[in-house]
Amino acid sequence: MEHHELIVIGGGPAGLAAATAAANEGAECLLLDEQSTPGGQVYRAVQTVPEQRARLLGPDYQAGRDLVTQFEQSGARHLPNTTVWNLNGRCEVGILRDGKTSLLHAKRVIIASGAMERPVPFPGWTLPGVMPAGAGQILLKSSALVPADGLVLAGSGPLLLLLAWQYLQAGVSIGAILDMTPHGNFWRALPRLPEALLAHHYIIKGLRYQLQLKMARVPYFTGVRNLRATGTDSIEAVEFDHRNTSKRIETSLLLTHFGVVPDSHLSRCAGCDHRWDSAQLCWRPQTDEWCNSSLAGIAIAGDGAGIGGAVAARHAGRIAGLGSAHALGHVGSMRRDEIGRDDQRWLNDDLRVRPFLEAMFRPPPELLYQPDDATVICRCEEITAGQVRRAIQDGHHDTNQVKFLTRCGMGPCQGRQCNNAVGQLLAHELDVDMMAAGGYRIRPPIRPLTISQLAALEDMQAGGGA
Amino acid sequence: MPQRFRRLQEPDGRWVEVEIEGTKTRVLEGESVAAAIFASGLPWCRTTPVSGAPRAPYCMMGVCFECLVEINGVPNRQSCQISVEQGMQIRRQPGASPEYP
């Protein structure tokens, strides 16, 4: 088994900053990334993107360039195109690269798995032509692909506005924006506004996007409810309720956004303690001020530890990197505290906007807790909300029991898309909290491997206890 | 079926040629197979093994597994995580099919 001092998993802002900070203090560091180039989802292709596309994506995106440059100058080693399929409490990491599996060991591991779009089932969300907004943005960043005219954007949250603005810059004619933010959210968010104004650049940016979309006369519907995608083999139209009337817009592409959640499969697989965060509506690992998880040797930084955005992730990454360099004996506590203090302050400053955003863009409760019986919850196994409800009525009272009975969550995505939806259905039906409903038990391999890939593991003895 | 995505005009694009469902297609060097599928206009990439419903790439970042296709004869490849290569043979993946028992 290959040994390292520090392994960082994930090449987004948190992972890059963590590896850079640790390597700069003298730690031997290996960064594993599923993508071919550093940057994560937020700074995807930031190094290779042509200037014209970089301008279109805006200055926040271009800010990723110096992060990548600093990483490259740090001496940390970069292993791209690498899938991580296991992490255990002994800091053993199972990887898949060029079709071959192997096990690595590190004295310390920093998980920087980042965020994914919050999966929210609604009628027709499995139809080709329905995608999360983040997917649309990835196609723009890495492939210069923009939607054909007439696309519809629906949901709630800052990314929806940002993407609409980017499409506008690219000359795309947007069919409609369906804002599903419940009207009451603003009043619930209002008490958090004064604190958010301390990070007012985020608020100003959001207002600027809205103004420019208005000036471009993009049809904008607020208070939209009851979203449905309809069609036979592909989406043909979006149907929704607006001011108590039913509306229908024909389109070949619907991009939705309901916020993002931590990609927590790896930290859950390792066995780190997680709690349900009822403000962010997601499972969130427990971490301390140096981003350490509940397991010795494993830290979690960035959106994978709770949603804070790219700037916060960069600070958290540096904090975790310093913390690890300290734990590895490369830096004393005084120097660690001195360098880390600024990042901790900036991190806290940056996070001040979050409580406002979380309250303002909280998805409509009926969407999360009361999907129609016919709505598909598990995309892989095609299990509907009705089937999940029946399982609950039959006495299956946590997500794992529902999974065993129905196969919901047993497909290739391993429950990444349906876990929270099943938990929320349980919580609603049984009137319990999410901690009681529970999350799926996540076991290795957390990415599908072929039997031959598993069998080819060089060091079976070390891997056997995983 | 109208095209869902169009490519922005960029002066310095570098291209490779792949075959998608037997049709030679020029795609951007380094992009994912899933992106190439959208660029080619193919409306869906697989059918499900449960109901046979058509599906297209969804999350584009490796967490939904909707984009599974057959690449160079190997099924179940996660096309959003694999970069295109010159001459690659990309085919739709039938879900409930005797070919994949």
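## Basis of the model

This is a predicted model, in which local features need pLDDT of at least 70 and side-chain atom pairs count only at pLDDT 80 or more, while totals for chains, interfaces and linings use all residues. Residues are numbered from 1 along each chain as its sequence is written, and chains are lettered from A and ligands numbered from 1 in the order in which they are written.

## Backbone exceptions

Most residues other than glycine have a negative phi, and most peptide bonds are trans. B:Asn76, found in strand 7 (residues 74-78) of chain B, has a positive phi of about 60°; strands (E, at least two residues) and helices (H or I, at least four) are DSSP runs numbered from the N terminus. A:Asn244, in the loop between strand 14 (237-242) and strand 15 (245-250) of chain A, also has a positive phi, of about 65°, and counts as exposed because 7 other C-beta atoms lie within 10 Å.

A cis peptide bond with omega of about -5° joins A:Pro444 and A:Pro445, and A:Pro445 is placed in the loop between helix 18 (434-437) and helix 19 (451-455) of chain A.

## Sheet and crossing helix

Chain A contains an open sheet of 5 strands in the order 8-16-10-11-12, with parallel pairing, two strands being paired if DSSP finds at least two bridges between them. Its edge strands are strand 8 (130-132) and strand 12 (220-221). Strand 8 is joined by 3 bridges to strand 16 (residues 254-257) of chain A, and A:Met131 has A:Leu255 as its bridge partner there.

Helix 6 of chain A lies across strands 10 (151-155), 11 (174-179) and 16, running at about 160° to strand 10; axes are lines fitted to C-alpha atoms, for helices over the stretch in contact, with angles from 0 to 180 degrees between N-to-C directions.

Notes:
Two residues are in contact if their C-beta atoms, placed from the backbone, lie within 7 Å. A residue is buried if 20 or more other C-beta atoms lie within 10 Å of its own, exposed if 12 or fewer, and partly exposed in between; C-beta atoms are placed from the backbone.
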